Structure formats: C-alpha cells, structure tokens
Amino acid sequence: MNIAEQVFEQLREQILHGTWKEGEKLPSEQELTETLGVSRSSVRQAIRTLADYGLVETRNGTGTYVKRQISGNYMMNIVPLGDLQTEDIVEVLDFLCLIEDSVAAMAVECCTPADLSDLQEIHSRLLTARDQTDLEALTAIDVEFHSKIAMITQNSLVIQTYALLLEFLQPAMRRIYMTLGAEEGIPYHERLIEAFCAHDAACAKQVMHDHAQNRREKFLATRERK
C-alpha cells in the first residue's frame, strides 16, 4: 500500500467514525500535509479517491466537504473486523454473490472509454502482482478492481456501500488468496473486461455471477477438506 492509499484509509476511517460530520469542511491540503507528515501530492490523491467513493466533494475555491452517507458504524457491525473467522468470510462471499453481478451489469451501461482504460490498467497491475507472488498487492489490487466497477455505476449508494465494505473486504480477500492461490480471479477479470469492451451488460452480469459463485464454492470446499 503506497502513501496516498494509507492517507486515504486514514481519512476514510475518520470520516466514517464521525471526526467530520456531514457538511463539515476537511482541513486544507496544507494542514493535512503537516498533520500527517506526508507530501501534498499524496494528500491530493487521497482526497481525489475519497471523492470517487462519494465520501467528500471538493468545491472550487472553498475546500473539501463531507457528503451525506450511510452510517459507517452501522455497516462496520455487519461483519466483525480484525481477525476474521471463516464464517465471517463466508458471509462476505454470500453478500458479494447477491450484489456483484447486478453492479457489473449496471457499470457496463455507464462505462466510458476512460473507465475501461482504468480497469485495464488495474488488471495489468494485478498480473504483475501475480507474477511476483505478492499476496498483499494482489489483495489490494483485486479489491481496487471491484471497487472501480462500483464507481463506474455512478450510483452513490453502490459506491458508498463499497467504500464501507473495504474495511472487511481487504482482510477477507487476503484470506481467500492465501487459501485459493494467486490465479483465482484473473480469468474472470479478463472476461469481465471483454464484456465491458463489447458493452455487453448481460455477459458482464453472468461472468460476475460465475466469479462470485466460484470463489464462494472453492472457499467452502477448502474449508470442508480441512
């Protein structure tokens, strides 16, 4: 995780736990730079990511403000944090089976050439992490890929749900990669990109359905063998 991503995680957690309320202005880039001890570019990138997730909005000439959002504390209680148990991960996988295929179909309808380019770039980094057997990078980039699909929908509820899910998606996906190996999601990501290129929402929905179900079934099979 690079510095900008660390700053994003820190600011996101503060927003979700009420450090700044809806409508409140965040400290300036300069203030955050000094408080966090990081570069201004890292702060700027983190704020841009917060805006992508619908957590803040930047108003020209006045600063960055917290947007209305789902209660972070409520969402965080859905699945326990910290050291996730196998049952917790199965709940995460069950939830993803319910929503990810419809999110993918919605995203295809909204996808721009720039969005498609972003997905391809993220997938390229995923392949590099696979080749280097870097499970930490694989985890982060996999979650980034799925989060990007949520952002493409331009649906604020979908985007904020994924932003809140990040808190337990990261440890859950780490466990899944450790259990299933580095190749688990890559073929599905490639097929998803093909569906996005073809503007085929039905295909994207089916591929994402298969991806989510396969991931869940393989994880359950591994647990049963143990």
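Reply: Of the 226 residues in the protein chain, 47% are buried (under 20% relative accessible area, with exposed over 50% and partly exposed in between; 1.4 Å probe, protein chains only). This is a predicted model, where local features need pLDDT of at least 70, side-chain atom pairs count only at pLDDT 80 or more, and totals for chains, interfaces and linings use all residues. Residues are numbered from 1 along each chain as its sequence is written, and side-chain values use heavy atoms, with hydrogens and water left out.

Me: How many helices and strands are there in the chain?
Reply: The chain has 10 helices and 2 strands, taken as DSSP runs numbered from the N terminus (helices: H or I, at least four residues; strands: E, at least two).

Me: Which residues in helix 3 are buried?
Reply: S42, V43, A46, I47, T49 and L50. They lie on the same side of helix 3, because they cover an arc of only 160° around the axis, judged by the directions from the helix axis to the C-beta atoms.

Me: And what covers them?
Reply: The cover includes helix 1 (3–16), helix 2 (29–36), strand 1 (56–59) and strand 2 (63–66), with contact meaning heavy atoms within 4.5 Å.

Me: Different topic. At roughly what angle do the axes of helix 6 and helix 9 cross?
Reply: Roughly 165°, and the axes of helix 6 (residues 113–131) and helix 9 (residues 186–197) come within 11 Å. The axes are lines fitted to C-alpha atoms over the stretch in contact, with angles from 0 to 180 degrees between N-to-C directions. That makes the two helices roughly antiparallel (over 145 degrees).

Me: Which residues make the contact?
Reply: From helix 6, L116, L119, Q120, H123, L126, L127 and R130; from helix 9, I186, H189, E190, I193, F196 and C197.

How values were computed
Angles under 35 degrees count as roughly parallel, over 145 as roughly antiparallel, 65 to 115 as roughly perpendicular and the rest as oblique.
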